[in-house]
Amino acid sequence: MRDGAKWVFIDWDGSGPGSLLWDLAYAAQSFVPLMANGDPVSDAKRLGHIVAGYGLSEAEIAAFIPVLATRTRAMYQLLYQSSLTGHQPWARLYQEGHGTYWEQAAIYIEQNAERWSTALRVLPPLYSNQK
């Protein structure tokens, strides 16, 4: 919140039915942000803030990082497949380099998945919303 007003972020390009974890994974990937050559330790802390903010259960925390990796890889696949079929606007975005961004982000997340899963399972009490 800022000055009493809530902030809301909506990305209409990917709107549609989905799970809380699928949507949260997209937000985390975008807002942490989780990018190639990131700092895994700092990113773990920011992921912890996101998890705390959503009050995820232990089961949701355990599922979150795998969903994060799958969601990021799915965005790359959408862009790549669209580049082959010409489906717009995704084909254009792939050609503009967005495919490379998402592929490298997916690799970065996959390389750090175990570290972040462990970090999220042992969130300090300040961040823990477990009931």
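Helices here are DSSP runs of H or I with at least four residues, numbered from the N terminus. On that basis, proline 89 sits in the loop between H3 and helix H4 (90-95). The model is predicted.

## Helix H2

Helix H2 covers residues 40-54, 15 residues in total. From first C-alpha to last, H2 reaches 21 Å, close to the 21 Å expected at 1.5 Å a residue.

Which residues of H2 are buried? They are Pro40, Asp43, Ala44, Leu47, Gly48, Ile50, Val51 and Ala52. An α-helix has 3.6 residues a turn, so residues three or four places apart point the same way. The cover over the buried residues of H2 includes helix H1 (20-31), H3 and H5. Just after H2 comes glycine 55, with a positive phi of about 60°.

## H2 against H5

Two packed helices are described by the angle between their axes and the distance between the axes. For H2 and H5, the angle is about 60° and the axes are 10 Å apart. H2 is therefore oblique to H5. Their crossing is right-handed.

On the H2 side, the contact involves Pro40, Val41, Asp43, Ala44, Leu47, Gly48 and Val51. H5 meets them with Tyr108, Asn112, Arg115, Trp116, Ala119 and Leu120. By class, this contact of H2 with H5 has 9 nonpolar, 2 polar and 2 charged residues.

## H3 against H5

Helix H3 (residues 58-85) also packs on helix H5 (residues 98-121). Their angle is about 175°, and their axes lie 8 Å apart. Angles over 145 degrees count as roughly antiparallel, so H3 and H5 are roughly antiparallel to each other. The contact of H3 with H5 has 16 nonpolar, 4 polar and 4 charged residues.

## Backbone in the loops

Most residues other than glycine have a negative phi, and most peptide bonds are trans. Proline 33 lies in the loop between H1 and H2. Another runs from glutamine 88 to proline 89, with omega near 5°.

Asparagine 37 is also in the loop between H1 and H2. Its phi is near 70°, a positive value in a residue other than glycine. Is asparagine 37 buried or exposed? Asparagine 37 counts as exposed, because its relative accessibility is 79% and the cut-off is over 50%.

Definitions and conventions. Residues are numbered from 1 along each chain as its sequence is written. This is a predicted model: local features need pLDDT of at least 70, side-chain atom pairs count only at pLDDT 80 or more; totals for chains, interfaces and linings use all residues. Side-chain values use heavy atoms; hydrogens and water are left out. Axes are lines fitted to C-alpha atoms, for helices over the stretch in contact, and angles run from 0 to 180 degrees between N-to-C directions. Helices (H or I, at least four residues) and strands (E, at least two) are DSSP runs, numbered from the N terminus. Angles under 35 degrees count as roughly parallel, over 145 as roughly antiparallel, 65 to 115 as roughly perpendicular and the rest as oblique. Ala, Val, Leu, Ile, Met, Phe, Trp, Tyr, Cys and Pro count as nonpolar, Asp, Glu, Lys and Arg as charged, and the others, Gly among them, as polar. The expected span of a helix is 1.5 Å times one less than its number of residues. Buried means under 20% relative accessible area, exposed over 50%, partly exposed in between (1.4 Å probe, protein chains only). Contact means heavy atoms within 4.5 Å. A crossing is left-handed if the near helix is turned anticlockwise from the far one by less than a right angle, and right-handed if clockwise.
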